[in-house]
Amino acid sequence: MSRARNGWVLPVSLVVALLLGLVPLPGMLQPVRPYWLALVLAYWLLEEHEQVGLGVAFTLGVLADLVFGGLLGEQAMRLVVMAFILDRFRARMRFFPLSQQALVIGVLLFNDRVISAAIHVVMGAPQLPWRYWLAPLLGMALWAPLHFVLDALRLRRRG
Amino acid sequence: MLRLLAFLILATALMVLDYRGGWLRMARTQAEVAVQPLWWLAALPSKVGVGLREEAVTRTQLARDNERLRNALLVIAARNARMRTAAAENERLRGLLGSAERGRLDVQLASILDIDLDPTRQRLLLDAGSNGGVQVGQAVIDAGGLMGQVIATTPSTASVLLLTDPDHAVPVAVARSGIRLVVYGSGRSDALHLADVPLSADVRRGDQLLTSGLGGRFPPGFAVGTVGPLRPDDSRAFLEADVVPAAQLDRGRDVLLLRGYKPVPAVQDSSPCVQGEVGRGCEAQGAESSATQPVSATAKPLPNPPLPSQGRETSTEPRR
């Protein structure tokens, strides 16, 4: 990774992911909104291991909770768990073909939904309708294009 | 591994503290000021979209709209005239009865910031904040009826707890029979929950529910919803029902904030549940007593202890 990096891509992509989580969607599409933040974070965890770790995941999660108006700490916990698992399997995952990576990401997003549901049970918050469980599928489908776009931005030659 | 544990414990601590309310709530309100630019940015596409659509409407469409609105205005003005005579009559009768005069209602228009917040929490963000005179505790209505109440303000936004939030309860009266009940939020945006209706109570499917004004948070007489089919609850000792909200609780429109109605500070010590425990038994207890006597806990913006907000209200009072 000694190529000229575009340092701005990392923060900008995370902010865009936050915004995509907020942008109003029509009622029908709302449940399947992919967890953009997790997708983008997963990309950076795999590619820029030195810069992005558990600390970034936690901070980002707290920020997301503030922005989305949810329970403070919920997304922080979800993202930290995801970051930890990704960190463990990073070495192997980086050499997976994209399709296989997408599968792993899908499983991670599904796991994320399970954690979120568990937090809601413990906190006595209402559960989301079943349609929200479809969102990981869409997230899985979006992994390859997202990977492609972020790669292109990150590794593009300056000038 | 240790780092993971540390972060998990930190996250849990945050959740528990946020859930319990208290100082973290204040810190959160402060921090929300910092994320406002993001909200504003996220709402931008829909704002631009509305702007473009307004630019693109044709003359004929405008003329048609104009005619439709003029007709609607005519109908409403006629209705209003009739209401005025009724109000005058009401005033006279009230005078005869010697009861307290009910003040006129003053409203302020605010638009909803068009962004999707956490779907498990029934909240809205308004595009007006404490700089615009919005205060914690103000009731929010639309043309259909009651929507919710303001639970937090920043200088340029205000968050509204909708009636449909599971932490929300509103004391109502059945318009037909005057029976007093409590309507709870269900967590779904299209339904409210009417619980603990005594078997003998005169409540039927299709009854209109209005705010009763008990508890002092909401002014009386605003439509809350329509009762759906009643069914026995789990204990078989009471009835419960779904209520279709009267207000349109979706995003992307303007709402009205009630001004000039001074919320009466809720009595704090008469019920053990007031401090905001969601325990099922606690709610049921509150509702049971509400059928026969005024409730003290009007609404339970759960993580938000009522005391600081009242402090803020009284401190801003001289401005009005």
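In this predicted model, B:Gln149 stands opposite B:Leu161, a residue of strand 5 of chain B. The two strands concerned, strand 4 of chain B and strand 5 (residues 158–162) of chain B, run antiparallel and are joined by 5 bridges, and they form a hairpin with 4 residues between them. On another pairing, B:Gln149 of strand 4 of chain B stands opposite B:Ala139. The points below begin with this strand and its sheet, and then turn to backbone angles, the helices of chain A and the interface.

**Strand 4 of chain B and its partners**

- Strand 3 (residues 139–141) of chain B runs antiparallel to strand 4 (residues 146–153) of chain B, and 3 bridges join the two.
- Strand 3 of chain B is connected to strand 4 of chain B by a hairpin that passes through 4 residues, and within this pairing B:Val140 is placed opposite B:Gly148 of strand 4 of chain B.
- Strand 4 of chain B is largely enclosed by the rest of the structure, because 8 of its 8 residues are buried; the cut-off for a buried residue is 20 or more other C-beta atoms within 10 Å of its own.

**The open sheet and the chain B fold**

- The open sheet in chain B has 6 strands in the order 1-12-3-4-5-2, with antiparallel pairing.
- Its edge strands are strand 1 (106–111) and strand 2 (123–126) of chain B, each of which pairs on one side only.
- On average, and with direction ignored, neighbouring strands of this sheet are turned by 35 degrees against each other.
- Chain B as a whole contains 5 helices and 12 strands, and 34% of its 320 residues count as buried.
- Among the contacts in chain B with a separation of 6 or more, 63% are between residues 24 or more positions apart.

- Most residues other than glycine have a negative phi.
- B:Asp196, although not a glycine, has a positive phi of about 60 degrees, and this residue is found in strand 8 (residues 192–198) of chain B.
- B:Asp196 has 23 other C-beta atoms within 10 Å and is therefore buried, given a threshold of 20 or more.
- B:Arg236, likewise a residue other than glycine, has a positive phi near 65 degrees, and its place is the loop between strand 10 (223–232) and strand 11 (238–245) of chain B.
- B:Arg236 counts as exposed because it has 8 C-beta neighbours inside 10 Å, where the limit for an exposed residue is 12 or fewer.

**Helix packing in chain A**

- Helix 2 (residues 36–47) of chain A and helix 4 of chain A have axes that come within 9 Å and cross at roughly 40 degrees, which means that helix 2 of chain A is oblique to helix 4 of chain A.
- The crossing of helix 2 of chain A and helix 4 of chain A is right-handed.
- From helix 2 of chain A, the residues A:Ala38, A:Leu41, A:Ala42, A:Leu45 and A:Leu46 meet A:Leu79, A:Met82, A:Ala83, A:Leu86, A:Asp87, A:Arg90 and A:Met93 of helix 4 of chain A.
- By class, the residues of this contact between helix 2 and helix 4 of chain A divide into 10 nonpolar, no polar and 2 charged.

- When residues up to four places away in sequence are not counted, A:Pro34 touches A:Leu39, A:Ala135, A:Leu138, A:Gly139 and A:Leu142.
- A:Pro34 and A:Leu109 are separated by 75 residues in sequence, while their C-alpha atoms are 9.1 Å apart in space.

**The interface between chains A and B**

- In the contact between the two chains, 28 residues of chain A are in contact with 37 residues of chain B.
- On the chain A side, the elements giving two or more residues are helix 1 (9–22), helix 3 (54–68), helix 4 (74–93) and helix 5 (98–123) of chain A.
- The side of chain A that touches chain B comprises 21 nonpolar, 6 polar and 1 charged residues.

Conventions. Residues are numbered from 1 along each chain as its sequence is written. Chains are lettered from A and ligands numbered from 1 in the order in which they are written. This is a predicted model: local features need pLDDT of at least 70, side-chain atom pairs count only at pLDDT 80 or more; totals for chains, interfaces and linings use all residues. Two residues are in contact if their C-beta atoms, placed from the backbone, lie within 7 Å. Ala, Val, Leu, Ile, Met, Phe, Trp, Tyr, Cys and Pro count as nonpolar, Asp, Glu, Lys and Arg as charged, and the others, Gly among them, as polar. Two strands pair if DSSP finds at least two bridges between them. Axes are lines fitted to C-alpha atoms, for helices over the stretch in contact, and angles run from 0 to 180 degrees between N-to-C directions. Angles under 35 degrees count as roughly parallel, over 145 as roughly antiparallel, 65 to 115 as roughly perpendicular and the rest as oblique. A crossing is left-handed if the near helix is turned anticlockwise from the far one by less than a right angle, and right-handed if clockwise.
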